Amino acid sequence: VYILLERGVLTVTDSGPGIATDEQDLVFDRFWRSPHARGMPGSGLGLAIVADVVAEHGGSISADTAPTGGAVISLRIPGRVPSTSTA
């Protein structure tokens, strides 16, 4: 797993089988599991919970395929620039 935080975007990339293009929006639905992953442990809630938290904070999340074939999940949560005053 490779994690990058750059310019307010958190990106998590893995080296697994990736996410099929037609399933990339579905991975954020509650209890949805790819037909290829249904025999593996899990409930299909992890990314749905992350997407809900990101949305509650006014952010966005997306899934893509890494150039090396793994999955890429990117999320952005808007923030604010810290004050530089020392008062």
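I call a residue buried under 20% relative accessible area, exposed over 50% and partly exposed in between, with a 1.4 Å probe and protein chains only. The model is predicted: local features need pLDDT of at least 70, side-chain atom pairs count only at pLDDT 80 or more, and totals for chains, interfaces and linings use all residues. Residues are numbered from 1 along each chain as its sequence is written, and side-chain values use heavy atoms, with hydrogens and water left out.

Entry 1, the whole chain. I looked up burial and found that 25% of the 87 residues are buried. The chain exposes about 6500 Å², with carbon and sulfur atoms supplying 58% of that area (Shrake-Rupley method, 1.4 Å probe). I then took the contacts (heavy atoms within 4.5 Å) with a separation of 6 or more: residues 24 or more positions apart account for 39% of them.

I counted one helix and four strands, taken as DSSP runs of H or I with at least four residues and of E with at least two, numbered from the N terminus. Along the sequence I read β-β-α-β-β.

Strand β2 (residues 9-13) runs antiparallel to β1, and five bridges join the two; strands pair if DSSP finds at least two bridges between them. I noted V12 in β2 as the bridge partner of I3.

R7 is not a glycine, yet its phi is positive, about 55°. I also found R7 exposed, at a relative accessible area of 78%.
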